[in-house]
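Welcome! Let's take a friendly look at a few spots in this protein, shown just below.

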Amino acid sequence: MTRTQELSDNLAEVRARIDAACRAVGRRPDEVTLVAVTKTHPLSDVVALAGLGVRHLAENRDQEASEKAAKASDEGLDVVWHFVGQVQTNKARSVASYAHVVEAVDRPRLVDALSQAAVRAGRELDVLVQVSLDHAEGRGGVPIDSGLRTLLDLASRAESAPALRLAGLMAVAPLGADPSEAFAQLAEARAAVTAEHPAATMLSAGMSADFEQAIAYGSTHVRVGTALLGARIAPVV
Ligand SMILES: *Cc1c(COP(=O)(O)O)cnc(C)c1O
């Protein structure tokens with residue numbers, strides 16, 4: 001079986017899972033966008049997925065992401081790049097030069113750095129504020145254990161920052177805990193944010209193992225790596 005055939009089969013399976021998850025909760029499948037997480041996989045997979053109609057792609061490390069984005073652009077691919085990793089402030093300029101959506105925004109300094117960088121680059125970035133659902137495990141995100149004030153403040157800062165558009169929220173379910181409980185918490189945070197920012201409707205939640213649960217709690221963007229591309233080729237830090 002060729003790699004493209006393998007990706008095509010995996011894609012059909014993932015899309016069927018998304019459809020079933022939507023049907024189970026009375027949502028329309030076109031409310032959920034598949035974001036393919038291509039980290040550690042070669043550019044040829046990016047090209048193949050784009051050829052199969054996957055338009056949204058994600059990476060989590062700046063160097064790999066910038067190289068792939070440049071090559072994809074050389075190949076003339078029309079793809080939307082999501083940056084889903086933690087962004088070090090000193091990488092803001094690079095990330096702002098190729099990403100369309102920056103998903104893991106979790107502190108005021110990063111909002112400011114991305115805004116400055118986007119202005120300089122003459123680009124507009126969609127940003128998602130990352131919510132921490134794992135009770136301070138240090139995987140990034142704004143904690144919401146003691147209320148939503150910090151989250152709402154950061155959302156407002158992103159919304160009013162030049163060249164940034166607050167698109168919504170992003171989260172990663174905690175390891176070894178019930179994802180539904182975490183996604184329910186996330187849905188509450190999202191309701192509070194959209195009450196103040198009605199246009200910030202995007203909710204990036206759900207990965208290979210838990211996107212059905214995320215869809216049940218309103219996810220609009222599922223970030224799928226392993227179920228689509230197979231095991232990652234190199235260890236990911
Ligand atoms: C790697 C990664 C994913 C994809 O995870 P899978 O379990 O392989 O689907 C999703 N979101 C983020 C932030 C990631 O880093």
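This is a predicted model: local features need pLDDT of at least 70, side-chain atom pairs count only at pLDDT 80 or more; totals for chains, interfaces and linings use all residues.

## Getting our bearings

Helices (H or I, at least four residues) and strands (E, at least two) are DSSP runs, numbered from the N terminus. Residues are numbered from 1 along each chain as its sequence is written.

## Two residues with positive phi

Thr40 sits in the loop between strand S1 (33–37) and helix H2 (43–51). Although Thr40 is not a glycine, it has a positive phi of about 75°. With 15% relative accessibility, Thr40 counts as buried (under 20% relative accessible area, with exposed over 50% and partly exposed in between, using a 1.4 Å probe and protein chains only).

Ala163 lies in the loop between H6 and strand S7 (164–171). Ala163 is not a glycine either, yet it has a positive phi of about 70°. Its relative accessibility is 15%, so Ala163 is buried.

## A buried threonine

Thr220 belongs to the loop between helix H8 (211–216) and strand S9 (221–224). Is Thr220 buried or exposed? Thr220 is buried, because its relative accessible area is 13%. Leaving aside residues up to four places away in sequence, Thr220 touches Arg27, Glu31, Val32, Thr33, Arg190, Thr201, Met202 and Leu203 (contact means heavy atoms within 4.5 Å).

## A pair of helices

Pro108, Val111 and Asp112 in H5 meet Leu154, Arg157 and Ala158 in H6.

Conventions:
Side-chain values use heavy atoms; hydrogens and water are left out.
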